[in-house]
Amino acid sequence: MTVRHDYEYDEDNIVVTDKKSYAAGVPAVLVSLQRGVEQMGAARTALSLASLNQRKGFDCPGCAWPETPGHRKHAEFCENGAKAVAEEATKRTVGPAFFAEHSVEDLLGRTEYWLGQQGRLTHPMVLRSGATHYEPIGWDDANALIADELRSLTSPHEAIFYTSGRTSNEAAFLYQLLIRSYGTNNMPDCSNMCHESSGSALSASIGIGKGSVSVPDIENADLIVIAGQNPGTNHPRMLSTLEKAKRNGARVIAVNPLVEAGLQRFKDPQRVGGVIGDGIAISDDYLQIRIGGDMALFQGLGKLIVDAEDAAPGTVLDHDFIARHTAGFDAWIEHIRRVDLDVVLEATGLTMDQLRSTADAMIASNATIICWAMGLTQQTHGVATIEEAVNLLLARGMIGKPGAGVCPVRGHSNVQGDRTMGIWEKMPEAFLAALDAEFGIRSPREHGLDAVDSIRAMRDGQASFFMGMGGNFVSATPDTHVTEAALRRCSLTVQVSTKLNRSHLVHGRTALILPSLGRTDKDVRATGKQFVTVEDSMSMVHRSRGGLTPSSPHMRSEVAIVAGIAEALFGSEHSVQWSKLADDYDLIRDSISRVVPGFEDFNRKVRQKEGFGLPHPPRDSRTFLTSTGKANFGVNELTWLPVPEGRLVLQTMRSHDQYNTTIYGLDDRYRGVKGGRRVVFVNPADIESLGFRDGDRVDLVSEWTRPDGSVEERRADAFRIVAFATPVGNAAAYYPETNPLVPLDHVARKSNTPVSKAVVVRLVSHELPPS
């Protein structure tokens, strides 16, 4: 009898139920325990969850939300954090026997969910040119294969080195040192696809591409605006912080095209009220904005705030802050006075009462924080939208004071730390000069390639080597068919991974899989047990130390993997002592302390109970390291995307049962979907007007108008329509299933971030194949 596992699912069995009106509660506890026991067993589950996000434990491999300083709970994790740990600490393994049984062609026919459920990778594996199956390879031979390939390239710029956000500070620092020692700045990373727009906007506005607030700031704010973000699924621990802010009297305004459970009500499973009570309402006001209308909202609010100042001069704007600390105010206020509120209402889909109520809340607040995520960044006008949000804060003096500031919520643990460690294709001269002085190398100065430009380079034959340090590049990037074709043009692709994913199956002529330790794993080197460090969304740096015995002795830490490749590439006479660094991570941190500002005395400070905070000049002293020496108001023409006749504007998003491209399960219980993922959420009025019914199967055809006026189409087949309370003209569906619809060249201005939150689509009836 054949046993059918739950991860071998049938999309035709999707069940749609009522969506939830609250997040967490008892169901979150039960799901966390169930997933843990299924993957790890009871004892391993208890050991792992007890160490998760604790001072002497390991940092969650999921989101980058920080803990409240000095107030860690015994269970300092959320449901999705527990799922992430269960996936990594699973007892299931994928070794040579698995690859002998399954050809690459066979595995290509499996879903991302199926691949991820197979377990931890245990051995280095190679797919030789023309072979059908991966086979084992020794570490020395794998390193030699990489080194030989890199030495054979005509130019170092023909190599692409990708980084996932989960990489530790130590591994990221060593990785960029390897890459720059080799001679290129081609360092695409996951920031390019999520918060690059935030970094671009904030660097121009306040001089640093990071958020300016702390957890205590949020807990003590008067007003918190949460725009383009779904904390209930993507950053669930944020809900505990919002709960405390609400109990302290904060007003929360949610701005989101979908009504999300986590923005409605939170039931804290660690409080009696979260188990037997109704929990706490999170949002006082819910602005169900049209996709891409946030820029219009912020400009409309600016217009109303300025109108209020004009009606009562000196009572609304913070003129002292503006005069002392900002530049460009006169141009901004002249522009904002001309904003047409009728256009704002059309672009946002909101009412004038909603607009005025929000403006009144901002005027009344003495401490305002604006939080956001990919709903703002993955728009053509994402950078300008964030600049407009900052404009509102600058006009009211809400930077560099308690309870106020900007809060871009990073979606992946240590994605911010990787950038701090030098994973960026455009690192400033001061960093490069310090790196060169520390290690006796000569870093290249020409800017490298980001994620989108790396795909273009591989597509066009300008790059032929790809290495991914973690992550799932194929499924994380846009324009899936173009990306896959680009990678298949490479001569060698290398993936450093903990688990199997599609990027192992879309490969160059030769491919390597290098199995790495994860956050949960014990990391022992020649000098003893090691720890690594991470930086959270609010610039706090702390330790992470796994305690589980690795699934295989053939696994290596990312630090050791990088050092092994470097020694094979450069030889033992290189100026960098790679093996010593790999055997003692304190030595890496000593070098970081001399290269990266803010990390002075790194080894001592990170051993403090709560770690340490990095300097943030705008927050700490209202110092703005911009071209003007002040915080800059931005002036932007209002941009938004009207819905074409007979079309919808689609946003891609996560299910509650996934993290980035990792699919944990098939239950998006907050939205009432179970048993599958190929669904598209559509307003009932749109379903009727387009001639469909709830439950119909449709193909999604995206339409992108190129700058020359021609229209490109892309297709993703067989999605079940689910009636949902989206704004009229808007729709939503899960990625990576919808990534094929996002054109590679449709990117945000200035940041080059793929526009995954504003895809024009038409629905076409899905034709069933003949029986």
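This is a predicted model: local features need pLDDT of at least 70, side-chain atom pairs count only at pLDDT 80 or more; totals for chains, interfaces and linings use all residues.
- A total of 19 residues line the second largest cavity, and the closest to its centre are Ser 168, Leu 517, Gly 518, Arg 519 and Val 532.

**Aromatic rings**

- A pair of aromatic rings can be described by how far apart the centres are and by the angle of the planes.
- Searching the whole structure gives 19 aromatic pairs.
- One of them joins Phe 161 and Tyr 175 in an edge-to-face arrangement, with 6.2 Å from centre to centre and 80° between the planes.
- Phe 161 belongs to strand S7 (residues 159-163) and Tyr 175 to helix H8 (residues 169-182), so this pair ties together parts that are 14 residues apart in sequence.
- Are these two residues buried or exposed? Phe 161 is buried, with a relative accessible area of 1%, and Tyr 175 is buried too, at 0%.
- Elsewhere in the chain, one aromatic cluster is formed by Phe 98, Phe 99, Trp 114 and Tyr 134.

**Charges over rings**

- Lys 605 places its charged end over the ring of Phe 612, 4.6 Å from the ring's centre.
- Arg 654 has its charged end over the ring of Tyr 659, and here the distance to the centre is 4.4 Å.

- Where does Pro 736 sit? You will find Pro 736 in the loop between strand S33 (730-734) and strand S34 (759-765).
- The peptide bond leading from Tyr 735 to Pro 736 is cis, and its omega is near 10°.
- Asn 752 also lies in the loop between S33 and S34. Its phi is positive, near 65°, in a residue other than glycine.
- Asn 752 is buried, with a relative accessible area of 15%.
- Ala 718 is another residue to look up: its phi is positive, about 65°, although it is not a glycine.
- Ala 718 is part of strand S32 (residues 711-723). With a relative accessible area of 19%, Ala 718 counts as buried, because the cut-off for buried is under 20%.

Notes: Residues are numbered from 1 along each chain as its sequence is written. Side-chain values use heavy atoms; hydrogens and water are left out. Rings of Phe, Tyr and Trp (its six-membered ring) pair if their centres lie within 6.5 Å; planes under 30 degrees apart count as stacked, over 60 as edge-to-face and the rest as tilted. Helices (H or I, at least four residues) and strands (E, at least two) are DSSP runs, numbered from the N terminus. Buried means under 20% relative accessible area, exposed over 50%, partly exposed in between (1.4 Å probe, protein chains only). A charge sits over a ring if NZ of Lys or CZ of Arg is within 6 Å of the ring centre and within 35 degrees of the ring normal. On a 1 Å grid over the protein atoms alone, a cavity is a set of points where a 1.4 Å probe fits but cannot get out, and a pocket is an open set with protein on both sides within 12 Å along at least five of seven lines; lining residues have an atom within 4 Å of a point.
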